[in-house]
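Hello,

The sequence and structure we spoke about are below. My notes follow, starting with the ligand and then turning to a pair of helices.

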Amino acid sequence: MIKKIRVEDAIGLPLLHDFTAIMTDGFKGVKFKRDHIVREEDIDELKNIGKDHIYVGELEKGQVHEVDAIDEISSLLVGENINISDISEGKITLTSKVRGVFVINRKLLRAINEIGDYTISSKRSYISVNPDDKLAGGRIVPLWTERWQVEKAKEILKEGPVFEVKEFKKLKVGCIITGDEVYYGRIKDAFKPVLEEKLSNFPSELLAYTFLPDDEEKLVETYKTYKKMGADLVIFTGGMSVDPDDITPSAIRRAGSEFIIQGIPMQPGNMLTLARDGKTYLMGVPGASIHCKITSFDYFLPRVFAGLDLKKEDFLEMAEGGLL
Ligand SMILES: Nc1nc2c(c(=O)[nH]1)N[C@H]1C(S)=C(S)[C@@H](COP(=O)(O)OP(=O)(O)OC[C@H]3O[C@@H](n4cnc5c(N)ncnc54)[C@H](O)[C@@H]3O)O[C@H]1N2
Ligand code: MOO
């Protein structure tokens, strides 16, 4: 049984959990570890961090200590490419092992938090992460919970992990820059440097840049050439909007066997267009990327490099927060 006693009466007894101190000098951390045997000289320090009384004793059957409650589910919470820290103050911290995209199973995350005592928080799904970046933390709220809560969590996690990081893969990329005004030299191209800069953040193998006039046949032909070269991603720019010369979306429709979306609820980058042809993504990048540092392109390019299977729903759910 657990009972509360005066700290002076605890000499010779083990502490039941890590004790945290938050000091005015900026220190925040574990002052005394779980199982530390209280010594006479600890009394003042314990009182200085507000512990006039402490718990001693043993948990009863059916009660699970905070450390065990998180320890028992931690390996079930994570899928690939995630490190699990040691438990400190009853909490685990998850970090990334690789560069990639952090992916959350939101349904399972919610279900674990709904059980009662578990609180698992994380960064947002689909952000790009680097090795050692913090992804999530988890613990139970009280010092112990009931066995059924731990078993419920394990049951939920049979469906799969809550968190994983999809590592960026090396993709072969072809780029098609369209527009009569650029092709015939009326204006200087401004898209190639943008694409070069964006692609430099990923492990890409560039096939080539092709400049084309607003000619649907030529776009489809060039796409096919890139496909034969083994392209994983073909990026199209220019002609993505409402004018009669804006033929890029229809070229993407014709060239990709599975059309995914034309125009998404995000701004800037509203006119992003996506199709898939087997393993190859065809991505139409609208003009906003020329002058806006961050557009929808920056949100979806990482997902392509992480090998995610992009669906129309992934774009539709961007609406809330999609005004960048
Ligand atoms: N009435 C409407 N106007 C606009 C709409 C709309 O739906 N209705 N959509 C807006 C959106 S969103 C975008 S984005 C732009 C259209 O962008 P596009 O991707 O179709 O680009 P273009 O029409 O080909 O060109 C727009 C502008 O950018 C210059 N450009 C294009 N490519 C290059 C390049 N490689 N280098 C330099 N400059 C380039 C082009 O010359 C035009 O000036 O439309 C909005 N308007
Ligand atoms: O589709 Mo846009 O939002 O001006 O790039």
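Please keep in mind that this is a predicted model.

Ligand 1 has 20 residues around it. The closest of them are Glu181, Ala190, Gly239, Met240 and Gly287. By class, the shell around ligand 1 holds eleven nonpolar, five polar and four charged residues.

Backbone atoms make several polar contacts with oxygen atoms of the ligand. For Gly239, a polar backbone atom sits 2.8 Å from an oxygen atom of ligand 1. For Ser241, the distance from a polar backbone atom to an oxygen atom of ligand 1 is 3.1 Å. Gly287 also takes part, with a backbone N or O atom 2.8 Å from an oxygen atom of ligand 1. On its own, ligand 1 would expose 860 Å², and the protein buries 60% of that. Helix H5 (180–183) and helix H9 (288–291) are the elements that contribute two or more residues to the shell around ligand 1.

Now the helices. Helix H2 (residues 66–77) packs with helix H4 (residues 147–156) at an angle of about 5°, and their axes are 10 Å apart. Angles under 35 degrees count as roughly parallel, so H2 is roughly parallel to H4. On the H2 side, the contact is made by Ala69, Glu72, Ile73 and Leu76. H4 supplies Arg147, Val150, Glu151, Ala153 and Lys154. Sorted by class, the contact of H2 with H4 has five nonpolar and four charged residues, with no polar ones.

Regards

Notes
Residues are numbered from 1 along each chain as its sequence is written. Chains are lettered from A and ligands numbered from 1 in the order in which they are written. This is a predicted model: local features need pLDDT of at least 70, side-chain atom pairs count only at pLDDT 80 or more; totals for chains, interfaces and linings use all residues. Side-chain values use heavy atoms; hydrogens and water are left out. A residue is near a molecule or strand if one of its heavy atoms lies within 4 Å of it. A polar contact is a pair of N or O atoms within 3.5 Å; within protein, one must be able to donate a hydrogen and the other to accept it, and residues adjacent in sequence count only if both atoms are side-chain atoms. Accessible areas come from the Shrake-Rupley method with a 1.4 Å probe; for residues, only the protein chains shown count as cover. Helices (H or I, at least four residues) and strands (E, at least two) are DSSP runs, numbered from the N terminus. Ala, Val, Leu, Ile, Met, Phe, Trp, Tyr, Cys and Pro count as nonpolar, Asp, Glu, Lys and Arg as charged, and the others, Gly among them, as polar. Axes are lines fitted to C-alpha atoms, for helices over the stretch in contact, and angles run from 0 to 180 degrees between N-to-C directions. Angles under 35 degrees count as roughly parallel, over 145 as roughly antiparallel, 65 to 115 as roughly perpendicular and the rest as oblique. Contact means heavy atoms within 4.5 Å.
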